[in-house]
Amino acid sequence: MQSPSKISDASVSTPPATSAVQGWADLPECLLHSIVALLGSFLDLIAFAGTCHSWRAAFSSYPSKSTFRTLLPPLLIRPNVRVKAHHLPSSNGRRKLRTCHLIDLANPNTNLRCQIPQETLQKMLFAGSSHGQLICCRRGYCLVVDVFTGAEVLPPRLPFREDYEEFYYCGTLTAPLTSPNSHLLVSTRSSLFDWPVGSDSWSELKLPVNRVDQIVEFNGQLIAVIEYRLYTLQLAPQLGLQEITTVWWDGMDECPYLRPWLVVCGDMLLIVDHYISFSFGAPVNYRPYRLDMSTNPAKWVEVKKLENWALFIGGDVRSPPFSCMSPQRWGGRSNCLYYAHYSQPWSLHGLGDDADAVWDPNTDDNLVFKRNWYSQLQAFWVYPSMFYSDDSSGMRHHVY
């Protein structure tokens with residue numbers, strides 16, 4: 001979007017000396033904030049923030065940027081799909097760039113691109129994505145890179161042993177990189193490592209059982225999933241875990257799901273997975289349960305229908321899930337799960353009692369979502385860092 005032209009002096013009368021609005025760039029911040037509140041798509045927000053310095057500053061100071069993460073769907077990045085864009089640079093001066101397919105569900109007919117360093121995709125191992133950042137590791141070296149601006153952060157090297165199999169099961173940020181209290185958390189097979197962003201070293205917590213599969217923030221608490229059990233995670237004065245005692249439906253003490261995942265949905269913490277019931281013609285069921293922490297032990301309560309929400313999930317266990325309110329605003333469907341596929345952009349699954357639209361008992365090629373740990377970066381959903389941080393500069397240069 002090109003910056004709006006200045007209003008010519010001939011089209012307006014001579015204004016008072018101090019209160020003049022000389023052009024679009026001089027609109028007061030309160031008015032610009034009211035415009036931001038009316039924007040209904042990611043492209044609109046990018047265009048607004050990229051118009052001029054004063055508009056970008058107004059977006060940065062907008063107090064409710066986080067609301068866009070519930071009102072707009074996340075963007076889908078498909079790193080395995082190479083696209084041509086001759087007008088884009090092939091490198092950033094240091095690394096070759098791969099141009100990847102980018103999809104905005106609110107504007108599905110718009111051709112978008114983003115660029116990720118080729119070396120990151122080929123040589124680094126995916127550990128997770130968080131706050132608009134891609135987190136990758138290799139032989140103890142970590143790289144945190146903004147998937148749209150290309151800005152990079154290089155933490156100190158993790159403790160690394162040559163005789164151990166290298167794998168990273170979970171990588172997440174507790175806050176935007178620009179926040180003074182941001183921490184990078186990375187889980188290996190037996191330890192959880194914590195790097196206070198900007199510090200010189202990591203701290204290590206030996207895990208009681210196994211790896212950390214997922215970490216989410218809910219109601220001001222960090223909650224970690226280890227062996228299907230929930231733990232609150234504290235960062236200070238030192239790393240620590242405290243188990244949240246829970247029971248499942250029908251009084252079950254163990255999780256009946258194969259590989260469940262947590263997602264924050266409004267004021268609910270949900271757990272979702274699929275299971276197949278061959279006694280009913282092999283339908284695929286996706287049932288969300290919310291955690292009721294008002295009881296002791298906490299209980300999982302079935303949510304019959306997510307009346308006004310849609311969920312988004314990727315194929316890699318380390319890809320964070322998202323929720324979006326009122327999907328009808330951008331042409332989506334509520335009470336549905338959008339699953340990012342490797343071979344096709346996404347498939348749509350009904351939740352609860354809604355029939356699953358992709359199950360065909362006569363074929364083995366059903367598009368059931370299957371989460372796993374992959375060596376190659378899979379398609380993943382992401383909200384850009386401008387929706388988390390106070391700094392939106394640079395976005396217009398890297399999304400096309």
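**A guided reading of the predicted model**

Ring pairs join Phe42, Phe59, Tyr62, Phe68, Phe148, Phe322, Tyr383 and Phe387 into a cluster. Phenylalanine 42 belongs to helix 2 (residues 42–49), whereas phenylalanine 387 lies in the segment after strand 27 (380–382), so the pair ties together parts that are 345 residues apart in sequence. Phenylalanine 42 and phenylalanine 387 are both buried.

A further pair consists of phenylalanine 48 and tryptophan 55. Their ring centres are 4.8 Å apart and their planes meet at 35°, so this pair is tilted. Phenylalanine 48 is buried, as is tryptophan 55. Phenylalanine 59, a member of the cluster, also has a charged neighbour: lysine 65 lies over the face of its ring, at 6.0 Å from the ring centre.

An open sheet is built from four strands in the order 3-2-1-27, and their pairing is antiparallel. Strand 3 (112–117) and strand 27 are the edge strands, each pairing on one side only. On average, and with direction ignored, neighbouring strands of this sheet are turned by 40° against each other. Within the sheet, strand 1 (residues 75–82) and strand 2 (residues 97–104) pair in the antiparallel sense over five bridges. Leucine 75 stands opposite aspartate 104 in strand 2. In general, the strands of a sheet pair through backbone hydrogen bonds, in either a parallel or an antiparallel manner.

The peptide bond from alanine 236 to proline 237 is cis, with omega near 0°. Proline 237 is placed in the loop between strand 14 (229–234) and strand 15 (240–244). A cis peptide bond also leads from asparagine 296 to proline 297, with omega near 5°; proline 297 is located in the loop between strand 21 (289–292) and strand 22 (298–302).

Positive phi angles occur at two residues discussed here. Arginine 139, although not a glycine, has a positive phi of about 50°. Its position is in the loop between strand 5 (133–138) and strand 6 (141–146), and with a relative accessible area of 35% arginine 139 is partly exposed. Serine 326, likewise not a glycine, has a positive phi of about 55°. The loop between strand 24 (322–325) and strand 25 (336–340) contains serine 326. Buried means under 20% relative accessible area, so serine 326, at 17% relative accessibility, counts as buried.

It remains to consider the confidence of the prediction. The protein averages a pLDDT of 81, and 81% of the residues score at least 70.

Key:
Residues are numbered from 1 along each chain as its sequence is written. This is a predicted model: local features need pLDDT of at least 70, side-chain atom pairs count only at pLDDT 80 or more; totals for chains, interfaces and linings use all residues. Side-chain values use heavy atoms; hydrogens and water are left out. Buried means under 20% relative accessible area, exposed over 50%, partly exposed in between (1.4 Å probe, protein chains only). Rings of Phe, Tyr and Trp (its six-membered ring) pair if their centres lie within 6.5 Å; planes under 30 degrees apart count as stacked, over 60 as edge-to-face and the rest as tilted. A charge sits over a ring if NZ of Lys or CZ of Arg is within 6 Å of the ring centre and within 35 degrees of the ring normal. pLDDT is the predictor's confidence in each residue, from 0 to 100. Two strands pair if DSSP finds at least two bridges between them. Axes are lines fitted to C-alpha atoms, for helices over the stretch in contact, and angles run from 0 to 180 degrees between N-to-C directions.
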